[in-house]
Amino acid sequence: MPNLKELKNRISSVKSTRKITSAMKMVAASKLRRAQELAESSRVYADSLSFILSSLAGNTKNSADLPEILTGRENSKISLLIINSSDRGLCGGFNSNLFRNAKKWISDQQGQGKSVKIMTVGKKASSFYKKTDLDIVASFEDLNSNDRQLQVSEEIKNKIMELFENNEIDEVSILFNKFVSAISQEPTYQSLIPLSNDETSEDESESNNAIFEFEPDKNELLEYLVPRNFLTQIYRSVLESSASEHAARMTSMDNATRNAGDMIDRLTLTYNRTRQAFITKELIEIISGAEAV
Amino acid sequence: MINLKVVSPQKVIFEKEVEMAVLPGAEGDFAAMPNHSPFISSLRPGQMAIMSSNKVDESFFVSGGLVMLKEKVCEVLVDQIEPLSDVNSSNYQQSKTYQELEGNETVLGTFEQVVNNPPYK
């Protein structure tokens with residue numbers, strides 16, 4: 001028979017766990033709202049920028065005129081993958097989903113005869129990939145404020161430009177959890193070098209009927225635009241990932257709170273039953289004692 | 001009237017109908033007015049002015065960026081924008097474009113040159 005005291009302690013400890021998880025849920029929910037707003041408001045800039053870039057690239061008929069950093073190198077050998085994880089845990093399958101996905105991507109690339117380098121964002125990714133034998137070119141941590149997110153995006157951009165110019169990488173992709181809704185996040189790849197043009201196709205019809213004049217000339221403008229575009233794309237993925245992180249934490253903490261509630265119910269039932277059993281037992285003892293007299 | 005939309009990487013800073021906006025283009029100042037030919041340019045650090053009936057309504061300091069002009073839309077993508085009155089020589093030197101050019105003032109112009117050289121006469 002379970003000990004009453006033990007049960008009581010157990011119940012109170014589950015209760016305090018529930019308090020913590022429900023507080024974490026509230027915090028995640030309010031952070032999610034802010035992160036979502038940020039992600040949405042940054043979209044305007046990113047869209048305009050990619051529109052300008054696509055009308056610029058679309059205006060150049062011969063793709064050989066475009067810089068390598070836009071079109072990518074032929075016979076690319078080394079791919080860089082930027083992995084956007086979170087700094088903190090307790091957010092369900094947020095990171096493990098991402099890492100599982102990345103593993104598949106990496107073996108795909110290696111199957112094509114390319115070597116893979118990794119850049120990690122967030123503590124979780126850096127501690128995970130430290131244990132593997134992959135080549136980590138850089139790690140970024142502590143993305144706890146919006147200023148810091150922008151700063152990290154800038155650092156990542158500088159790093160990939162530098163690596164590309166030194167021929168240390170030929171391709172760059174970025175992996176992040178795309179924020180679909182509060183209950184669903186989707187690991188997504190985006191190619192930075194060569195520039196993915198799924199968005200350009202949409203704008204094509206629009207950019208064709210407006211023929212822009214450019215100032216200064218196209219090449220100079222591209223020189224300015226390309227790094228700026230990297231920065232925006234990276235920043236956007238960082239923001240998406242942070243919105244997803246809070247959403248994932250919110251749902252998993254919600255589940256944890258509910259589980260804790262169920263557990264308390266069960267434990268309370270056992271506690272009451274046990275208590276009743278003790279009382280009955282004592283009564284029987286008294287009655288049979290009285291009968292014996 | 002032309003729709004002037006000023007956007008930073010973080011957010012839309014403002015969007016309003018203006019008669020004319022004067023912008024510091026990389027190769028010279030230009031005025032954005034309705035039915036300007038489609039035009040894309042980068043911006044150098046300098047002053048942006050919103051004008052109506054030949055006088056300045058508001059002026060801003062922009063640290064550089066891009067502008068896209070279409071018929072009735074003028075989209076300005078800026079790194080940083082401040083009302084001109086809030087800018088002083090120390091935060092001018094901290095602006096992103098200034099840092100990127102490593103304070104090369106011959107390209108950029110000194111703070112006095114930028115601030116005392118309004119694009120409108």
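**View 1. Burial and overall dimensions of chain A in the predicted model.** In this predicted model, 32% of the 293 residues of chain A count as buried. The radius of gyration of chain A is 28 Å, whereas a compact globule of 293 residues would have one near 19 Å. Along the principal axes, the C-alpha atoms of chain A fill a box of roughly 110 × 40 × 30 Å. Among the contacts in chain A with a separation of 6 or more, 78% come from residues 24 or more positions apart.

**View 2. Secondary structure elements of chain A.** Chain A contains eight helices and six strands. Read from the N terminus, their order is α-α-α-β-α-β-α-β-α-β-β-α-β-α.

View 3. Just after the helix, Gly113(A) adopts a positive phi of about 85 degrees.

**View 4. Leu90(A) in the loop between β1 and α4 of chain A**. Although Leu90(A) is not a glycine, its phi is positive, at about 50 degrees. Leu90(A) has 15 C-beta neighbours inside 10 Å and therefore counts as partly exposed.

**View 5. The cis peptide bond from Ile193(A) to Pro194(A)**. Omega of this bond is near -10 degrees. Pro194(A) belongs to the loop that lies between β5 and α7 (198–209) of chain A.

**View 6. Contacts between chain A and chain B.** Across this interface, 19 residues of chain A are in contact with 20 residues of chain B. On the side of chain A that touches chain B, at least two residues each come from α2 (43–59), β6 (213–215) and α8 (218–292) of chain A. The most is given by α2(A), with five residues. By residue class, this side of chain A divides into 13 nonpolar, four polar and two charged residues.

**View 7. Strand pairing across the two chains.** β6(A) and strand β5 (residues 39–43) of chain B run parallel and are joined by three bridges. In one of the pairs, Glu213(A) has Phe39(B) as its bridge partner in β5(B). Strand β6 of chain A is also among the elements that each supply at least two residues of the side touching chain B.

**View 8. Asn54(B) in the loop between β6 (46–52) and β7 (55–62) of chain B**. Asn54(B) is a residue other than glycine with a positive phi, near 65 degrees. With 8 other C-beta atoms within 10 Å, Asn54(B) is exposed, since the cut-off for an exposed residue is 12 or fewer.

Note on methods. Residues numbered from 1 in each chain as written. Chains lettered and ligands numbered in written order. Predicted model: local features only at pLDDT ≥ 70, side-chain atom pairs only at ≥ 80, totals over all residues. Contact = placed C-beta atoms within 7 Å. Helix = DSSP H or I, 4+ residues; strand = E, 2+ residues; numbered from the N terminus. Nonpolar A, V, L, I, M, F, W, Y, C, P; charged D, E, K, R; others polar. Pairing = 2+ DSSP bridges. Rg over C-alpha atoms; globule rule 2.2 N^0.38 Å. Buried ≥ 20, exposed ≤ 12 C-beta atoms within 10 Å, placed from the backbone.
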